[in-house]
Amino acid sequence: MIILGIAISVLAVIGIGLLVARKVDGDSVNFLVAGRSLGLPLVAAGLMGQAVDSNATLGNTDLAGSVGFWAGASLPLGLGLCLLLTGLFFAKPMNRMGLLTLPDFYRIKYGRGVEFSASILMIFSFCILLAGNLVAGGFLFERFLGIPYTAGVLLIVAIVLTYTVTGGMFSDAYTALAQMVITVIGSLALLIWVASTYGIDIPEGMGPFDLGQLGNSSEGAVVNWATLIALGIGDIVAIDFMQRIFSARSPEIARRACFVGAAGTAVVGIPYALVALATTDLVGAGSGPRLLTLLDEHAPAGLAILVLSAIVAASCSTANGAILGTASVATRNIAGRTDRTDAAGRDTLLRDVRLTMIPVVAVAIFFAVEVPQTGILLTLAFDLMLAALIVPFVAAHLTSRITTAAAVAAMVAGLGVRLVLFVLTPTMYGVPNTVLHIDNSLIGPGFDGWPTFFGFLASLLAFLGTLAVQRLREPAEKAAIPADIAPLPAPEPVVQHG
């Protein structure tokens, strides 16, 4: 019965995605940014759909149940904070620019080299993000269908690609609206059921008002703050968020949609953390995600169908946006396809973006199989963005006195410091670093969380330092120009006499 219910919800979402795919009408602008025509409900749902994913649901409950409220809730709250900040400062100017992808902004402000480098990092980070959502599908289908984990990952890829390849942003927006309705109802229904059945009895020291989780390093404060900052600030330069902002019909709609999306993300995310805390003794730390154990072994079938459908919907929504955004960046900003049509007038950008989706999901599948974690992959993806890309992005909005050299210095220093500390630190956000770790006697698990701040600080100092050096050199360079090669005065105009 549970499988049948989930299957019906999945087929309904696919049906919606395929139905609206005709709006693309062979035009890459329609495919990538929905013709810049979306109203508030669709843009808000799209932004919320990108924020509320398997990391903010399964990852949230795993971390909250094992470490504390702020360890899990930092995921959705960090993403909600990102949307709030984006709405306050960046949504309107970014929408006005009429861009197709976020790296277009870096090309306009800093040149082709920075655009290319930023695109590489964005693609890598979003393949990690996409992988985190494939992990949820793998775990869910393994537990409830009895198929191998890898086959479950491939199944959710097939589901998402079915409508993403055909409908692009139009399919993303309309399916996200349906998916977020399911997700909001599912999260609130789960909280009500747990509260009425078991009560909200939170273990001592692990609740939302136990602020030692935010003030005491021994209670995970550094890691919790690192998560909030990485997502709340690093996610501002998320290609999927920005692509939805570009799709809004007006700058004001883009701004308001960010605020609605931020509120909706908190409304969905907080109940999952509370449910995890209230059912810690009931579920324990068994194999697989805690939430799936709760739904499989304790919840009524109807509720299980609703919540599991919400998890699949959230995963599909985020995966859809990640695939579309990453393929768009790879095609337009890596391959340099700034022209949308060929000599015959055919929109070849649309075709190329669709083809690029295949290698994108292949890389994400690799990450999902090698690192089967939900919440950690999300944070790691935007930790890298925070270290390398956020400083040049914000600076370009604050002042015109920016330079390509400063942007390059910020990217190299921030990313370099973050990666070095990553391979030297034995844990990442509280779990063993099984991705790439070099054993050493310099850094232990207690340093976990601090690399997030040091990477960002290195980027900021490199940007400001490079600007300062360039400003100091300008007067000296002007004074060093010999008089005999100084620019000649403009010639007098020649007057023709008849």
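1. Basis. This is a predicted model, in which local features need pLDDT of at least 70, side-chain atom pairs count only at pLDDT 80 or more, and totals for chains, interfaces and linings use all residues. Residues are numbered from 1 along each chain as its sequence is written, and side-chain values use heavy atoms, with hydrogens and water left out.

2. Make-up and size. The protein has 21 helices and 2 strands; helices (H or I, at least four residues) and strands (E, at least two) are DSSP runs, numbered from the N terminus. Its radius of gyration is 24 Å, close to the 23 Å given by the globule rule for 498 residues, so the protein is as compact as a globular protein of that length. The radius is taken over C-alpha atoms, and the rule is 2.2 Å times the number of residues to the power 0.38. Along the principal axes, the C-alpha atoms fill a box of roughly 100 × 60 × 35 Å.

3. Of the 498 residues, 57% are buried (under 20% relative accessible area, with a 1.4 Å probe and protein chains only; exposed is over 50% and partly exposed lies in between). Among contacts (heavy atoms within 4.5 Å) with a separation of 6 or more, 81% are between residues 24 or more positions apart.

4. Helix pair. Helix α9 (residues 149-197) packs with helix α16 (residues 301-334) at an angle of about 145°, their axes being 5 Å apart. Axes are lines fitted to C-alpha atoms, for helices over the stretch in contact, and angles run from 0 to 180 degrees between N-to-C directions. The residues of this contact divide into 23 nonpolar, 12 polar and 1 charged. Here Ala, Val, Leu, Ile, Met, Phe, Trp, Tyr, Cys and Pro count as nonpolar, Asp, Glu, Lys and Arg as charged, and the others, Gly among them, as polar.

5. Thr61. This residue is found in helix α4 (residues 54-66). Thr61 is buried, with a relative accessible area of 2%. Apart from neighbours within four places in sequence, Thr61 is in contact with Tyr272, Ala276, Arg290 and Leu291.

6. Met242. Helix α12 (residues 239-247) holds Met242, which counts as buried at 0% relative accessibility. Not counting residues up to four places away in sequence, Met242 touches Thr86, Met94, Leu102, Ile236 and Phe393. From Met242 to Ala254, 12 residues apart in sequence, the C-alpha to C-alpha distance is 9.6 Å.
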